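Biologist: Could you take me on a close look at one part of this model, the surroundings of the ligand?

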Amino acid sequence: MVTPGSTNTGALFLVGMEFELNCKLQTQNWSKRSLKTVTAFRKPKALYFFDKLLGDGLASTEREKWARQRKLANYAFHGESLKNMTPAVVASVETMLEKWKSKEGKEIEVFQEFRLLTSEVISRTAFGSSYLEGLMKLSVIAGRNILKAKIPIISKFWKSADEIESERIAKMIHDSVMRIVKKREERVVNGEADNFGRDFLGLLVNAYHEADQKNRLSIQDLVDECKTFYLAGQETVNSLLAWATLLLAIHTDWQDKARAEVIEVFGNQNPDSEGMAKLKTITMIINETLRLYPPISGVIREVGREVQLGKLVLPTHSEVDMRIIALHHDPDLWGDDVNLFKPERFEGIAKATKYNAAAFMPFGLGSRSCVGMSFAITEVKTALSMILQRYTVTVSPTYVHAPASRLTLKPQHGIQLLFHSLHNDA
Ligand code: HEM
């Protein structure tokens, strides 16, 4: 078993060869040093489809640019800004639930429903209700090509259908972001608004107009940041919300406990930011879902300079693939009941992880950990609360369990559930 700083680094697998020697170390026994030692371990250069999807946004960029963008994002997704987003999240969930009224007692495929919801939420909160056309399509293409590297000479003369399509969509997204930016600029020029907006996009447009050239954001950076946040904010929460709802549908005892808590905190009123911190049972359920089904199942780092990790010497440019999902399913860390859904483990995270911060890391670790964590948790708590206030949930007989890692951990055949109204007039 590994604890931070341990010398045991686990098994070595060669899972991919690229033109430069590029071996990946897949290990469940790894040291948290690798996510904290920024100089020795850095983000690798993105593969082609990933690059098209995220560009050089916060999740992939490095050094000064990363520090500047991270500061902006921290401001946009924490504290007061987060509180101000709750009404928009509630409104988006209400729209989804309104649609569900006609489907009561019938099967609902929730992965697809939550895909629309999470897309709507990130659009409304970060980009002021503008839907980024094309990004979903691009994420599907990237998902099926995720590990494919391009062969430098051949790819100059030949492009696959997916490459051609992803370039077309990338251009469409670029144009779509530019249209939104232009609209905001025009409102300021026409005197209809005195700023570019207080949401994340507003902050980005401000940085694009920054007088000091050193701190100014280029238009490409602005587009890349929109792509990064749209994708990071949509795909991950989609996954978490879908698995959490499935687990509640299976474990109806926990569903009842969660509903009782929601009714105690909010009654039948819509959730508000003050009540969020009081949802202890829901928090435990979310953590146990993140442990069993982490939306991001692993993170990759490139070795920046030769480094010793336990007994292994890792050469410069090798890649380390840290399997979050393996850590979360390690019986040495979690016990023999590791594969069971037991939210009670999380009565306190420190206790659950036996004071080993690297044992549970659905949002990563260290300086590059998730900037949208609080936003994601708030969104999921809001959606679960509003569903539980209205419905009991069970699993449809047509559901087939087939999780697969495609960018995020997805149910290959969707998640089919049955929703029964708790109120006759609902
Ligand atoms: C359940 C939801 C989420 C999960 C499980 C999750 C997970 C993660 C993980 C594991 C990382 C670290 C990646 C690495 O070390 O290479 C990360 C980074 C990141 N996440 Fe999330 N995320 C979630 C939601 C969000 C949301 C809602 C947003 C935006 C609104 C977001 C934006 C980002 C960004 C921009 C980074 C890169 C941070 C940096 O490099 O400084 N994430 N996330």
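Biologist: Which element supplies the largest share of the shell around the ligand?

Modeller: Happy to walk you through it. Please keep in mind that this is a predicted model, where local features need pLDDT of at least 70, side-chain atom pairs count only at pLDDT 80 or more, and totals for chains, interfaces and linings use all residues. Residues are numbered from 1 along each chain as its sequence is written. The largest share of the shell, 7 residues, comes from H10; helices here are DSSP runs of H or I with at least four residues, strands are runs of E with at least two, and both are numbered from the N terminus. H10 spans residues 219-250, and this helix, helix H3 (63-76) and helix H17 (373-390) each supply at least two residues of the shell. In total, 25 residues surround the ligand, a residue being counted if its C-beta atom, placed from the backbone, lies within 6 Å of the molecule. The closest are Ala-232, Thr-236, Gly-364, Cys-370 and Gly-372. Sorted by class, the shell has 17 nonpolar, 6 polar and 2 charged residues. For that sorting, Ala, Val, Leu, Ile, Met, Phe, Trp, Tyr, Cys and Pro count as nonpolar, Asp, Glu, Lys and Arg as charged, and the others, Gly among them, as polar. Strands count as paired if DSSP finds at least two bridges between them, and 5 bridges join S8 to S11 (residues 416-421). Tyr-391 stands opposite Ser-421 in S11.
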